[in-house]
Amino acid sequence: MPDGVGEGHVDARPEKRFFVDMLTRDIELAPAIIDLVDNSIDGAKRLRPDEGDNRFDGLSVQMRLEPDLFEILDTCGGFSRGHAASYAFKFGRHRDQEATPGEVGQFGVGMKRAIFKLGRDFTVASRTDEAAWRVEVDVDWWLDEVDPDDWTFPFADGDSPELESPGTLVRCTKLLPSAANRLGQALFVSRVLREIAMRHALALQQGLVIEVNGRALQPRPPSLLVSDALQPISYVEELEDGDGRSIEMRIAAGLTTADEGDEETDTDDPELFTGLDAAGWYVFCNGRALLFADRSRLTGWAEEVPRFHPQFRRFRGYVYLSGTSAAMPWNTSKTDVDEDSEIWEQTRKHIVDVLRKAVTVMNRMKREVQQRPPDDRPLVAAVKTSKPAMLEGLAERRTFVVPDPPPRIVADAQRISYSVPSEVFARAAQAMETSRASEIGQRTFGYWMRREVDENFDA
């Protein structure tokens, strides 16, 4: 009978090396690295709990991705000695651990999984206004030489020279060959930059500086086209799961800018369009992007609405879920949706409803281009003259505002077209209080028909 196992019990304790290998197997290196950025941003949220446009001004996260070194250093307040000793290094989130409002970290595996994925020697150090501490571990020594039942790490007090202000340092050396190879690839580093900029766009917008190998990431705040004639959907809804946990859902969807002349191009040829990769749904959980430009069945495409097609290239939909991390519809690596989540089920219903309305608008745009003359396309004209607006300033509405549809073209109709001097057109437009050439043409033709052919003519 193994030591520590009493009569009438079986030994179910995990083997350290097996546990470490399995912990790192279900996540790629890029999302593992982004988990460490999540931790820094959670620290920033603890330090600056109040929401605001400039919430994170003065705070930074600096990363070094090199073939022989990984390092992330932040100035986001650090975490206490007591938190480190009792919670931060546990494999799994302790039931007594206090949650930070709006935090991303939930499962208690992100930091450990990332450092084991990266290398076999790590340092974690942190400093607060009150104290500083440091943990340094040779992973192979910890796996092979330390008592198999000892799951603790050596822990020491004292400042770290890298931490000039309250914050946290994570450094990995003796990198695993797979990690060293990836960190030496410029394409991989660029991918990490893009994913961090995308998944933490909100934190960047709020003033957080994130640098990777000395390169500062730039925020790209989303926008939708707005005018008097064209207004997107934007509203807030409270969602609640079976455990009584509440999540605020903010949804905004509409059309965005495109290339010059894009509206007139044949949508049946996908090769003619640029920017298709950006179309789709963006879903954020507590500020971290969970879905990016999604055009799959997860958000209704090819199920409740037709599969994605170039005629939908202008569509952008944004969902922001805010609330307790435990209720968020994400998997443990926060890279995909937990489709069994009650919150996701409710969210998806809103997504599909909005998407159906958006598809109706975009189908009408296609019909106008295919069936109407260039001067008689009110929706296309409204899109061309609308301007991008930030999501925060959108008026609340659950339906799109679009121009009234033009009169239906009769199958056996004949098209009449003529030109007049600009100054004459301007005088007619002023008298009729419209600048639409098609409407002026129809009204002047109707006037002539009633005067010269049939006084009861009405068309």
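**Exercise 1. The cores**

Which residues have the most contacts inside the largest nonpolar core, and how many residues does this core have?

*Solution.* Start with the ground rules. This is a predicted model, in which local features need pLDDT of at least 70, side-chain atom pairs count only at pLDDT 80 or more, and totals for chains, interfaces and linings use all residues. Residues are numbered from 1 along each chain as its sequence is written, and side-chain values use heavy atoms, with hydrogens and water left out.

Step 1. A nonpolar core is a set of buried Ala, Val, Leu, Ile, Met, Phe, Trp, Tyr and Cys residues joined through side-chain atoms within 4.5 Å. Buried means under 20% relative accessible area, exposed over 50%, and partly exposed in between (1.4 Å probe, protein chains only).

Step 2. Find the centre of contacts. The largest nonpolar core has 55 residues, and Met63, Phe70 and Phe122 have the most contacts inside it.

Step 3. Find the main contributor. Helix H2 (residues 29-47) gives the most to this core, with 9 residues. Helices (H or I, at least four residues) and strands (E, at least two) are DSSP runs, numbered from the N terminus.

Step 4. Look for a further core. Another core, of 44 residues, lies apart from this one; Leu225, Leu239, Leu255 and Val380 are among its members.

**Exercise 2. Strand E14**

*Solution.* Step 1. Check the cover.

Step 1. Find its partners. Two strands pair if DSSP finds at least two bridges between them. Strand E11 (residues 246-255) runs antiparallel to E14, with 9 bridges joining them. Strand E12 (residues 280-285) pairs with E14 in the parallel sense, over 6 bridges.

Step 2. Pick one residue. Arg316 in E14 is the bridge partner of Gly254. Gly280 also stands opposite Arg316.

**Exercise 3. Salt bridges**

How many salt bridges does the structure hold? Trace three of them.

*Solution.* Step 1. Count. The structure holds 21 salt bridges (a side-chain nitrogen of Lys or Arg within 4 Å of a carboxyl oxygen of Asp or Glu).

Step 1. Take Arg81 and Asp157. Their side chains meet at 2.5 Å, N to O. Arg81 sits in helix H3 (residues 81-88) and Asp157 in strand E5 (residues 156-157), 76 residues apart. Arg81 is partly exposed at 37% relative accessible area, while Asp157 is exposed at 53%.

Step 2. Take Arg297 and Glu339. Their closest N and O atoms are 2.9 Å apart. Arg297 lies in the loop between strand E13 (288-294) and E14, and Glu339 in the loop between E14 and helix H9 (342-371), so the pair ties together parts that are 42 residues apart in sequence.

Step 3. Take Glu304 and Arg348. Their salt bridge is 2.8 Å, N to O. Glu304 is in the loop between E13 and E14, Arg348 in helix H9, 44 residues apart. Glu304 is partly exposed at 30%. Arg348 is buried at 17%.

**Exercise 4. Tyr418**

Is Tyr418 buried or exposed?

*Solution.* Step 1. Locate Tyr418. This residue lies in the loop between strand E15 (387-390) and helix H11 (422-432).

Step 1. Apply the cut-off. Tyr418 counts as exposed because its relative accessibility is 52%.
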